[in-house]
Amino acid sequence: MEMELPELKFDGEGLIPAIVQDHENGEVLMLAYMDREALRRTLSSGRTWFWSRSRREYWCKGETSGHRQYVRRIRYDCDGDALLVEVLQVGPACHTGKRSCFFNEIRGARTDLSPESQ
């Protein structure tokens, strides 16, 4: 299978944000960063690979925890500066043991508007 590599925009450090989403239900699981090599590894292996900005090394999701991600589809946004990686998630995606990394909420945002109220 030949890999399609679109024109993507990596930042000054050579990274692009990768939003990881559950392929079956659309839940946003996590956000991580890829460089060209991490993307290449992801495309060729079918597992998610990322660049750790803190450890300065590559990591394959689930290698130590067993909570693996199996790639189902990779899309990119209209500007080519963000990836959406749809996965089959095995176990929790978050290092805290929660299903998703997005379990904290900022309270107090105005949420009562609708198109009809404008």
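Predicted model: local features only at pLDDT ≥ 70, side-chain atom pairs only at ≥ 80, totals over all residues.

Biologist: How do you know whether Cys60 is in a disulfide or in none?

Modeller: The structure holds 0 disulfides. For Cys60, the nearest cysteine sulfur is that of Cys101, 16 Å away. A disulfide needs two cysteine sulfur atoms within 2.5 Å, so Cys60 is in no disulfide.

Biologist: What makes the contact of Arg99 with Asp22 a salt bridge?

Modeller: The closest N and O atoms of Arg99 and Asp22 are 2.2 Å apart. The cut-off is 4 Å between a side-chain nitrogen of Lys or Arg and a carboxyl oxygen of Asp or Glu, so the pair qualifies.

Biologist: What are the accessibility labels of Arg99 and Asp22, and why?

Modeller: Asp22 has a relative accessible area of 6%, so the label is buried. Arg99, at 32% relative accessibility, counts as partly exposed, because that label covers values between 20% and 50%.

Biologist: Which residues are linked with Arg99 in a network of salt bridges?

Modeller: Asp22 and Glu27 are linked with Arg99 in that network. Glu27 and Arg99 form a salt bridge of their own, with the closest N and O atoms 3.3 Å apart. Here too, distant parts of the chain are linked: Glu27 is in the loop between strand 1 and strand 2, and Arg99 is 72 residues apart from it, in the segment after strand 6. Glu27 has a relative accessible area of 28%, which makes it partly exposed.

Biologist: How many salt bridges does this rule give?

Modeller: The count comes to 10 salt bridges. One of them joins the side chains of Glu63 and Arg47, at 3.1 Å from N to O. At 48% relative accessibility, Glu63 counts as partly exposed, whereas Arg47, at 13%, counts as buried.

Biologist: Why is strand 1 said to be largely enclosed by the rest of the structure?

Modeller: The reason is that 5 of the 7 residues of strand 1 are buried. Ile19 lies in this strand and, at 33% relative accessibility, counts as partly exposed. Together with Val28, Leu31 and Phe102, Ile19 makes a nonpolar surface patch of about 340 Å².

Biologist: What makes the pairing in the open sheet mixed?

Modeller: The sheet has 4 strands in the order 2-1-6-5. Its edge strands are strand 2 and strand 5, each pairing on one side only. Strand 1 and strand 2 pair in the antiparallel sense over 6 bridges, while strand 1 and strand 6 run parallel and are joined by 5 bridges.

Terms used: Residues numbered from 1 in each chain as written. Heavy atoms only, no water. Patch = residues over 30% accessible without salt bridge, like charges linked within 9 Å, V, L, I, M, F, W, Y side chains within 5 Å. Areas by Shrake-Rupley, 256 points an atom, 1.4 Å probe, with all protein chains shown as cover. Helix = DSSP H or I, 4+ residues; strand = E, 2+ residues; numbered from the N terminus. Buried < 20%, exposed > 50% of the residue type's maximum accessible area, 1.4 Å probe, protein only. Pairing = 2+ DSSP bridges.
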